[in-house]
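User: I would like to learn how to read this model step by step, from its overall division down to a single residue. Could we take the general idea at each step and then the case at hand?

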Amino acid sequence: MRDVAVIGVGLNEKWGEIWEKSLRDLYTEAALNAIDDAGVDHIDSMYVGCMTSGMFVSQEHLGSLMSDYLGQNPVPATRVESACASGGVAFRQGYLEVASGASDIVLVGGVEKMTDVSGDEATFALSAAADMEYECYQGITFPGLYALVARAHMHRYGTTPLQLAHIAVKNHKNGSMNPVAQYGFEITPQGVLDSVMVADPLHILDCSPITDGAAAAVLCPLDLARKLSKKPPVKVLASAQATSTIALHSRKDMTWFDSTAVAAEKAYKMAGKKPQDLHVVELHDCFTIAEVVVLEALGLVERGKGGTTAESGMTALGGKIPVNTSGGLKSKGHPVGATGVAQIVEVTRQLRGESGPRQVKGARVGLTQNMGGTGGSCVIHILEAA
Amino acid sequence: MANPAKYWREIPQRYRLEAGKCQSCGEIYIPPRLVCSKCKSRKFEKIKLSDHGKVLTYTVIRTGPSQFADQTPYAVGVVELDGGGRITSQIVDCEFDQLAIGQRVRVEFRRIQKHGQAGILCYGYKCVPA
């Protein structure tokens, strides 16, 4: 397998409730930004990560739609779905296509258009990431499922709602410096605790929002990158993916994300790195409790101590290991299919030194962790400044 | 309107807690499976789960989906039934401050959803304090 580099990245202009932009507008805008950033004059293949354009805008066949609107027919285009990990898995597919030698220049884009339906309908569509017949049928919601994880984690390890609030505060602090962020403003711990309760113990400010947005990246072999790219190439050191049970109740341990732990072990091994070698991390904070458990599963903090990470400043921008410098899903927004690719965009920019006020000084190695549902799927990438 | 078949086929599980027990390793699945995740055996015994169990974790849904608007706020949890099998289930007829990890519960047959004025009535299991 060849070494692969990221040579271009881009997002659409703004994430949020973007009424003027359609699904195809968002994807195309982000893709063109990534292509311009890469400076390539053609692509060989493309991927579209999207959880459920069908349930949100009644549109399928995104491979054809997006290749058409990007002016790329007859290039092959593949829709990838893995719930909230759709973007990350699409990136992995693009990586594999270049690594295998099947293609040289591959575009990976992720998109979700969530605001053409009511909040209720959006919530229902999102619940398709869980077990529809044996979890959702019973009345559990997505925040409800993560609340079950939070309650179990609090019971076993003593994690507190205030510790969860600090995670949202930290992510908003970073997001306030991100012009693309949906909710680019600071919040306070008390503000989180005072916000409306969605599913005990998770408040609305513990939950990532409903967002329209897109992100894209261009991949090519590392050797070609040095010739093609206007900017310092970023090497993909590792790409790893794993699954777990669809239903939370089927997990042996409901305070753990085993798919994250399995993917992380594979990724660290492939990259020849340890958790302490990382300089920046973008992880899947769909809910504050998710960041707690993911940090433990990534080996960045001792099991059970994930709740202390934001409160102690460990994961702050100037901390031991900055986490979610983009603002995370909480502040930046969570257009489901776009998130995994946007994590790649953020880490790539960090490793190039392009992150402005959010820059982690001297960042050379970064990790992205993207997961679907309550951890039914997980995909991890480790990137290094080449 | 959804085809009633979607709800009809899950009735043995939702009304009677019918499950599958792997004949090789004893692992229990509700709903039943074609292949055992643990040992990959294809041979299962049809069993019924106990209607008593304990709460492993719980939450109170305060912002719920529209199908459950008339029931909100309501408690939901993961319940481990005696002898094996885990279900995600509402916990009803219980004050929210009585909910606890380790709480003993009993399974009852209840209405879960109704689809509008003239739609399908969906039944299944809910748990009550035992």
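User: Into which domains is chain A divided?

Analyst: Bear in mind throughout that this is a predicted model. Chain A is divided into domain 1, made of 4-118 + 211-234, and domain 2, made of 129-207 + 237-385. The C-alpha centres of domain 1 of chain A and domain 2 of chain A lie 22 Å apart, and the contact between them takes 38 residues from domain 1 of chain A and 37 residues from domain 2 of chain A.

User: Which element gives the most to the side of domain 1 of chain A that touches domain 2 of chain A?

Analyst: That element is α4(A), with eight residues. At least two residues each are supplied to this side of domain 1 by β1 (4-11), α4 (86-99), β4 (106-112) and β7 (213-221) of chain A. By class, the side of domain 1 of chain A that touches domain 2 of chain A has 22 nonpolar, eleven polar and five charged residues.

User: How should I read strand pairing, and which strands pair with β11(A)?

Analyst: In general, the strands of a sheet pair through backbone hydrogen bonds, and the pairing is either parallel or antiparallel. Here, strand β8 (residues 234-243) of chain A pairs with β11(A) in the antiparallel sense over nine bridges, with A:K235 standing opposite A:E384 in β11(A). β10(A) and β11(A) also pair in the antiparallel sense, over eight bridges, and in this pairing A:G372 stands opposite A:S377 in β11(A). The hairpin of β10(A) and β11(A) has four residues between the strands, and A:G373 takes a positive phi near 60° there.

User: Is strand β11 of chain A mostly covered or mostly uncovered?

Analyst: Strand β11 (residues 377-385) of chain A is mostly covered, with eight of its nine residues buried. When you inspect such a strand, recall that in a regular strand the side chains alternate between the two faces of the sheet.

User: Why does A:G372 count as buried?

Analyst: The reasoning is a count of neighbours: A:G372 counts as buried because it has 28 C-beta neighbours inside 10 Å, whereas the cut-off is 20 or more. A:G372 is found in strand β10 (residues 365-372) of chain A.

User: Leaving aside its neighbours within four places in sequence, with which residues is A:G372 in contact?

Analyst: With that exclusion, A:G372 is in contact with A:S82, A:A83, A:C84, A:A85, A:A129 and A:S377.

User: In what order do the three strands of the open sheet in chain B lie?

Analyst: The order is β2-β1-β3 (chain B), and the pairing is antiparallel. The edge strands are β2 (28-29) and β3 (44-48) of chain B, each of which pairs on one side only. Strand β1 (residues 18-22) of chain B pairs with β2(B) over two bridges, and B:G20 stands opposite B:Y29 in β2(B).

User: How many residues of chain A are in contact with chain B?

Analyst: There are 25 residues of chain A in contact with 25 residues of chain B. On the side of chain A that touches chain B, two or more residues come from each of α5 (119-127), α6 (142-157) and β5 (197-199) of chain A, and α6(A) gives the most, with six residues. The residues of this side of chain A divide into 13 nonpolar, seven polar and five charged.

Note on methods: Residues numbered from 1 in each chain as written. Chains lettered and ligands numbered in written order. Predicted model: local features only at pLDDT ≥ 70, side-chain atom pairs only at ≥ 80, totals over all residues. Buried ≥ 20, exposed ≤ 12 C-beta atoms within 10 Å, placed from the backbone. Contact = placed C-beta atoms within 7 Å. Pairing = 2+ DSSP bridges. Nonpolar A, V, L, I, M, F, W, Y, C, P; charged D, E, K, R; others polar. Domains from an automatic or database assignment.
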